[in-house]
Amino acid sequence: MSDTPVHIQFALISHTNNGKTTLARTLVGVDVGEVRDAAHVTIFAESHLLLKTAGGDTLQLWDTPGFGDSVRLLKRLGMSGNPIGWFLREVLDRYRDRPFWLSQQALRTARDEADVVLYLVNSSEHPRDAGYMPAEMRILEWLGKPVVVLLNQLGPPRPAHEEQEEQARWKQHLDQYKIVRDVLALDAFARCWVHERVFYEAVGKLVDESKRAGYARLFAQWEANNRERFDESMRITGAQLAGAARDSEPVEADEKTFLKSALKVVGLGKSDQQRQERAMGVLIDRLNQNIAATTARLLALHKLDPSEAPKINARVSKNFTVRAPVDRAQAGLLGAVVSGAATGLSADLMAGGLTFGAGALLGGVVGALTAAGAAWGFNTSTDRNRTTMQFADDFLQTLLIGSVLRYLAVAHFGRGRGNFVEGEASAFWQAEVESAVAREAGKLAGLWQALREEGAAGKAAADVEAIATTVARATLAKLYPEPV
């Protein structure tokens, strides 16, 4: 295996306004270019570094101007070998139709420098309706490079079999074009890093044999980067869950003075239930702050804007159903807490447009938890004659499910239109996560209590992280039947 550094280039090509720059942002992981709903937004070919190894191997992505008039472009490229063609290109096109001239220049660069061509299509339309495709396929044949067709704009995440059916439809249609070597789903608006793994593995098979050793090193670097990010995501998630299990709040002591006794008699003093509910409210408020901070850390880890944490938690809440013995409204409040949507701006979103004051919101959540029963929401314990409130095991297990759903929501969002793309946290995810959690029931039994005990807390915290990791991996493997 040669250790000589290699330089590999992918050329990203598509019909105009099919989402090339958006996809480039997804792969590169930072904002590049301009994204808006208009033709010829990318005017110049732009190069972006995708991967680099310590030994100097590099993988570059060229984002090229989109095809406009494909038939005219094909004709002009066909004349490139004669003087008339040169005159039309370098005199008329260059000064009278600059976008058209730049498209020709980008294609010549792709023909001379690219190792693989990535051709992006809008999969929301049927392949037979893409009238520009025959001419553009002939342009790709002119390039003489292996072509991978990428299906973009797949919409919100769906069950794997539905996405596979759409992919099969495009493959069948493109079989007539021998230049096309593979068809992959890689959507910039609702994708997961698992999608990218499939992409890098498939495209690597098309790289010239002389560069494959270097590509293998680059792919190993990609795997290491994503493994580190996934592991750190689980550490963040596990720490938040362990903290919630260990958290406690003392119930205000009932000091028996003559004045307080008199107030109680006339109904003005605090009852035992009121003091417990106040402690519950403090716990919930602290939990919400910790979930918001955890979400912000996950977003930053995935190179997304941390300030958008309230929006992503609201999205999780929208498709999250709490399995508790309460009515629908109370379940909605509990779902908002577990998802983290009960803080800040998300309070209004969670309430369907109704404005809650902080006190009223916490009061409603406490009421819902009280209605669910002490065994589901809260535990009370007495230590040194002092009563404290803690979250109950059933609530913490629900919190585990919500935490994995939050990770999935973050991992599926690309960088399409600015720092954060609002998308759906798909409802079918919850069933998959719950199934994975159920398989860990034996390990979860007694784990939450162990976290509350000083001597066992350290090992239990590591066990929580391990279970969250197992659940997240199992869910990803179910959603994407590829190695995770």
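A salt bridge is taken here as a side-chain nitrogen of Lys or Arg within 4 Å of a carboxyl oxygen of Asp or Glu, and the legends below apply this to a predicted model.

**View 1. The salt bridge between K211 and D115 in the predicted model.** The side chains of K211 and D115 meet in a salt bridge, with 3.0 Å from N to O. K211 lies in the loop between α7 (193-204) and α8, while D115 lies in the loop between α4 (98-113) and β4 (116-122), so the pair ties together parts of the chain that are 96 residues apart in sequence. K211 is partly exposed, its relative accessible area being 22%, whereas D115, with a relative accessible area of 13%, is buried.

**View 2. The salt bridge between R217 and D57.** In this pair the closest N and O atoms of R217 and D57 are 2.8 Å apart. Because R217 belongs to helix α8 (residues 212-246) and D57 to the loop between β2 (46-52) and β3 (58-63), the contact ties together parts that are 160 residues apart in sequence. The two partners can be told apart by their accessibility: R217 is partly exposed at a relative accessible area of 22%, while D57 counts as buried at 2%.

View 3. The side chains of R286 and E249 meet in a salt bridge at 3.1 Å from N to O. The pair links distant parts of the chain, with R286 in helix α10 and E249 in strand β7 (residues 249-250), 37 residues apart. R286 is partly exposed, with a relative accessible area of 26%, and E249 counts as buried at 14% relative accessibility. A search of the whole structure finds 13 salt bridges.

View 4. β1 and β4 pair in the parallel sense over 5 bridges, and I13 stands opposite Y119 in β4.

**View 5. Strand β3 and its two partners.** Since 5 of the 6 residues of β3 are buried, this strand is largely enclosed by the rest of the structure. With strand β1 (residues 7-14), β3 pairs in the parallel sense over 6 bridges, and I8 stands opposite L59 in β3. With β2, by contrast, β3 runs antiparallel, the two being joined by 6 bridges, and S47 stands opposite W62 in β3. β2 and β3 form a hairpin with 5 residues between them, and G56 in the turn has a positive phi of about 105 degrees.

View 6. H302 lies in the loop between α10 and α11 and is buried, with a relative accessible area of 10%. A polar atom of the H302 side chain lies 2.8 Å from the backbone oxygen of L298. Not counting residues up to four places away in sequence, H302 touches R229, S233, Y407, V410 and A411. K303 has its place in the loop between α10 (272-301) and α11 (309-318) and, at 46% relative accessibility, counts as partly exposed. Most residues other than glycine have a negative phi. K303, although it is not a glycine, has a positive phi of about 60 degrees.

**View 7. The whole chain, as context for the close-ups.** The chain holds 19 helices and 9 strands, and 51% of its 484 residues count as buried. Among contacts with a separation of 6 or more, residues 24 or more positions apart account for 72%. The chain exposes about 21,800 Å², of which carbon and sulfur atoms supply 52%.

Terms used:
Residues are numbered from 1 along each chain as its sequence is written. This is a predicted model: local features need pLDDT of at least 70, side-chain atom pairs count only at pLDDT 80 or more; totals for chains, interfaces and linings use all residues. Side-chain values use heavy atoms; hydrogens and water are left out. Helices (H or I, at least four residues) and strands (E, at least two) are DSSP runs, numbered from the N terminus. Buried means under 20% relative accessible area, exposed over 50%, partly exposed in between (1.4 Å probe, protein chains only). Two strands pair if DSSP finds at least two bridges between them. Contact means heavy atoms within 4.5 Å. Accessible areas come from the Shrake-Rupley method with a 1.4 Å probe; for residues, only the protein chains shown count as cover. A polar contact is a pair of N or O atoms within 3.5 Å; within protein, one must be able to donate a hydrogen and the other to accept it, and residues adjacent in sequence count only if both atoms are side-chain atoms.
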